[in-house]
Amino acid sequence: MLTTGGTPPFGGRSVPELGGSAMAGVTFDQVSKRFGNVAVIEDFDLEILDREFMVLVGPSGCGKSTALRMIAGLEELSGGRILIGERVVNDLPPKERDIAMVFQSYALYPHMSVRENLEFGLKIRKMPRPEIDRLVEQAAEILDIGHLLDRRPRQLSGGQRQRVAVGRAIVRQPAVFLFDEPLSNLDAKLRTQMRAEITKLQKRLQTTCVYVTHDQVEAMTMGHRIAVMNAGRLQQVGPPLEVYEKPANLFVANFIGTPPMNFFEGERTDGVLEAAGLRIELPPAMRAAAEKSSRPRVVAGIRPEHVTVSRPPAEGPSAPVSGSVEVVEPLGHEVIVYVRVGDSLFAASTDSRTRPAAGETLTLHLRTEQLHLFDPESGARLN
Ligand code: ADP
Ligand code: MG
């Protein structure tokens, strides 16, 4: 029996039978993967909880699809173990893993109708006809594709095809959904809408999801937790806000957030950080953290929303620095002002009434309590 939280399900209707399958988390235990002698995944440890929505996010080529395909059984491991629930699945064929995967390409059968596409996986498992009909009807209702059941994939829009692809996964009532960049082929508006729908669907079905994307906004908005990857290695795992507010290293700090965090390198003497035109008194806690590093050089980072233009911020101490405006980017509700300070270009997020002109000299105020400090060698976070 399905239990949903307080949020109304898809379309406000109740579909009690779908999603009632076995539940399971997914565990990567010291997983590695090589293609020939090229290591694409190394030392990979990750525990995805039962019913969790986990997003694997990282730049193109970092190994996300490979990690997902190893869960699915489409790639063999070179080392380590993967568990689905309590079971080590290393040697299980894909069809015995109780997973369903949705691809970017949709991978629908072009010569079959939508209904036949939805039924296909159930028929080959010899499910009785009434059961197939029931599951297809329910999935069609949840995804609002009931009126499309007799069409062929080529008669559908991109968004409709994506729904069918999702429908094909949910009729199988798997213990785990695997999504590989399922929204990449959709236009921006539809992508935002489908993002919300997939989130709601997961809440509704309470099925463990592993969702791969290179899009950090998608990761931030969809994941219960996000796992940030780079070059085959896990960089940080945590709830989206925690990763945003306390990035574990320079890579994560740079990858998560738009416009990206500002960085500048400087020299620390006692509690003062000096960098291109800036002299920052570090708050006590930050000072103690920075002193854990024996090196005087640090890389400091600050997000654009913690840099104010012209006026000091309403709260907290700040450090002023002046520079000349290079670019002004009006985004509607906010304006991003890029200011040249020595070797660094600082982005400051300001409200839409602020419209400095290129070439103008102005003062930025950095909220010192919001600084992130990193070791320049290892990239590791210090504070
Ligand atoms: P992502 O999904 O994060 O973009 P992938 O997992 O697809 O990354 O790929 C990770 C790395 O592994 C890339 O360098 C890619 O070229 C390589 N790779 C992926 N599949 C194969 C393969 N079948 N043979 C050789 N190299 C591969
Ligand atoms: Mg990929």
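Author: The buried residues of helix H5 are Met 194, Arg 195, Glu 197, Ile 198, Leu 201, Gln 202, Arg 204 and Leu 205. The model is a predicted one, and the values that follow are computed from it. In an α-helix, residues three or four places apart point the same way, because there are 3.6 residues a turn. With that in mind, look at Met 194, Ile 198, Leu 201 and Leu 205, which are among the buried residues of H5.

Next comes the question of what covers them. Several elements take part, including strands S3 (53-57), S7 (176-180) and S8 (208-213). Helices H3 (129-143), H4 (158-170) and H6 (216-222) also belong to the cover over the buried residues of H5.

After the helix comes Gln 206, which has a positive phi, near 55°.

His 214 counts as partly exposed because its relative accessibility is 43%. Not counting residues up to four places away in sequence, His 214 touches Val 57, Gly 58, Lys 64, Glu 181, Ser 184 and Phe 255. With one of these, Glu 181, the side chain of His 214 forms a polar contact of 2.7 Å, side chain to side chain. As for Ser 293, its C-alpha is 32 Å from that of His 214, and the two residues are 79 places apart in sequence.

Lys 64, one of the residues touched by His 214, is also among those that surround ligand 1. Others around this ligand include Phe 35, Val 40, Pro 59, Ser 60 and Gly 61. A backbone N or O atom of Cys 62 lies 3.2 Å from a ligand oxygen. For Gly 63, a polar backbone atom is 3.0 Å from an oxygen of ligand 1. Thr 66 uses its side chain instead, with a polar atom 2.5 Å from an oxygen of the ligand.

Key:
Residues numbered from 1 in each chain as written. Chains lettered and ligands numbered in written order. Predicted model: local features only at pLDDT ≥ 70, side-chain atom pairs only at ≥ 80, totals over all residues. Heavy atoms only, no water. Buried < 20%, exposed > 50% of the residue type's maximum accessible area, 1.4 Å probe, protein only. Helix = DSSP H or I, 4+ residues; strand = E, 2+ residues; numbered from the N terminus. Contact = heavy atoms within 4.5 Å. Near = heavy atom within 4 Å. Polar contact = N/O pair within 3.5 Å; in protein donor to acceptor, adjacent residues only side chain to side chain.
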